[in-house]
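Please look over the chain below before reading on. The notes that follow are grouped by topic.

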Amino acid sequence: MLLARVVGTVVATRKDPRLEGKKLLVVKTVSPDGKDDGNYLVAVDTVDAGFRETVLIVQGSSARMAVECKDRPVDTAIIGVVDAVHLDDEKAVAASARK
Amino acid sequence: MYLGKVIGTVVCTAKNPVLEGKKILVVQPLDPQGRPSGKPVIALDSVGAGAGETIYWCRGREASFAWYPAEVPTEATIVAIVDRVNVPGGSKLEPGGRK
């Protein structure tokens, strides 16, 4: 699983019928200390994530196990909105829309 | 499966309902000698691992089998807490944990 930040949305009219009604977001992966990793992904949103929020994403066939993604052509899903990341070196990384 | 060390935690309030009650940890992958190898990953915990502990974790679809037959959307799961590693030439890995 990876941390990522929501940086945009995707609009698709013609798509697989099993993706209808699913929100597609562009996310950029970030490291646990909040720095950009530089990788962009398109993910199906299952938790109503918003613009610039830090989210938890799951990739691969496990993404289909997320509620709302069963038996759908999905390989990246947003499964959580991150409130905070606490690292043991006492750096708490605030993960909010403020960034 | 891979060796790793717990270096932090992730807090999510809004999340996929299947993840409720499950601990989300930041893991630094390690090689058998105890040196960091690769970028930190976010993993679900199935064994009650704690801060600073040496663990091993598995990735991919198999990661969700820790909760089988429940279908949990995870691609990285901590499946054991390491007591000791025996390799030729010795290992600097220690159980760790917060004393």
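Where in chain A is the place of Glu53(A)? Glu53(A) sits in the loop between β3 (36–45) and β4 of chain A. The model is predicted; local features need pLDDT of at least 70, side-chain atom pairs count only at pLDDT 80 or more, and totals for chains, interfaces and linings use all residues. Residues are numbered from 1 along each chain as its sequence is written, while chains are lettered from A and ligands numbered from 1 in the order in which they are written.

**Chain A overall**
- Chain A has six strands and zero helices; helices (H or I, at least four residues) and strands (E, at least two) are DSSP runs, numbered from the N terminus.
- Of its 99 residues, 37% count as buried; buried means 20 or more other C-beta atoms within 10 Å of the residue's own, exposed 12 or fewer, and partly exposed in between, with C-beta atoms placed from the backbone.

**Glu53(A)**
- Glu53(A) is buried because 22 other C-beta atoms lie within 10 Å.
- Glu53(A) and Val7(A) are 46 residues apart in sequence, and their C-alpha atoms are 8.4 Å apart in space.

**Strand β4(A)**
- β4 (residues 54–59) of chain A has five of its six residues buried.
- β4(A) pairs with β1 (residues 2–10) in the antiparallel sense over four bridges; two strands pair if DSSP finds at least two bridges between them.
- Thr54(A) in β4(A) stands opposite Arg5(A).
- β4(A) also runs antiparallel to β5 (residues 76–87) of chain A, joined by five bridges.
- Val55(A) stands opposite Val81(A) in β5(A).
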